[in-house]
Amino acid sequence: MPYSIAMETIKSIEKQTPTKLEKKLESLIRKALYDFQIIKSSPLAIALSGGKDSLTMLYFLKKISGKGFLDLKIHALYVDGQFSCGPSISKNHISNFCKQLDVPLHVLESKRTLENLECYSCSRERRSLIFNKAKELGCKEIAFGHHKDDVLETLLLNLLHKGEFASQLAKVPMHDYGITIIRPLYYVLESEILEFAKQKGFFRLTCQCPIGAKSKRLDAKRLLKILSEEFPNTKTNLFHALKEYGSDKSLRKKSLPII
Ligand code: SF4
């Protein structure tokens, strides 16, 4: 039943009885919003990749809006182009998804071709496009769909490559830009998002970027899987250690981060 959620209006979403998993995800997202005092202003920009993570985030933020949190005017920002960072669905489906949730979609253009494709500059360009559009729309916060596994993979990458015990934070004010990056899925595991996206019918595996498909992040993902098989509490303990002892160096960064 592909993209069934895209055929629903926000009114029908409100009427549905949530599954146990949906309740759990909503509760974890509410906890992150509360713990880190995320979402302090409206309008709010949401960076949509079209993958399961950002679509799940949009679904829940729309659902939560006005219920214990600010009534949000949400703008979805999507960078279109030949490549996307991970599994994604087509622009038409994203557009339909946003329409049914009554969220305006702003499509930005990346001009990257295979000849000039390289993660560092590509990612900076994508972030610049999103930051500039968010500012133009008057948004003071931009939500990214990074989840708990992303945070742990980044932790391993930073530790093994740079000797730094640091990862993404749930909230990073970018003072030079007058905008704050927020991560509402901070407490949510990728496996939970995957299951939810499958339940709702907006999961599809298509990776459009040959660089992303070979990235070190995938090695970190594999390593995390191996560690978790050997030590079942790996994710919980790493996440706990990160919160207790992790560096908050990214709070002092001046330039546009590669996150
Ligand atoms: S994976 Fe890297 S190169 Fe590919 S689209 Fe994303 S940022 Fe660009």
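Reader: Where is Pro 43 found?

Author: Pro 43 is found in the loop between α2 (20-35) and β1 (44-48). Helices (H or I, at least four residues) and strands (E, at least two) are DSSP runs, numbered from the N terminus. This is a predicted model: local features need pLDDT of at least 70, side-chain atom pairs count only at pLDDT 80 or more, and totals for chains, interfaces and linings use all residues. Residues are numbered from 1 along each chain as its sequence is written.

Reader: What kind of peptide bond joins Ser 42 and Pro 43?

Author: A cis peptide bond, with omega at about 5°.

Reader: Why is Gln 37 called exposed?

Author: Gln 37 has 10 other C-beta atoms within 10 Å. Gln 37 is in the loop between α2 and β1. Its phi is near 50°, a positive value in a residue other than glycine.

Reader: What makes Asp 102 exposed?

Author: Asp 102 has 11 other C-beta atoms within 10 Å, so Asp 102 is exposed. Asp 102 lies in the loop between α4 (91-100) and β3 (105-109).

Reader: Why is α6 called roughly perpendicular to α8?

Author: The axes of α6 (residues 148-162) and α8 (residues 216-230) cross at roughly 105° and come within 9 Å. Axes are lines fitted to C-alpha atoms, for helices over the stretch in contact, and angles run from 0 to 180 degrees between N-to-C directions. Angles of 65 to 115 degrees count as roughly perpendicular, under 35 as roughly parallel, over 145 as roughly antiparallel and the rest as oblique. Therefore α6 is roughly perpendicular to α8.

Note on methods
Buried ≥ 20, exposed ≤ 12 C-beta atoms within 10 Å, placed from the backbone.
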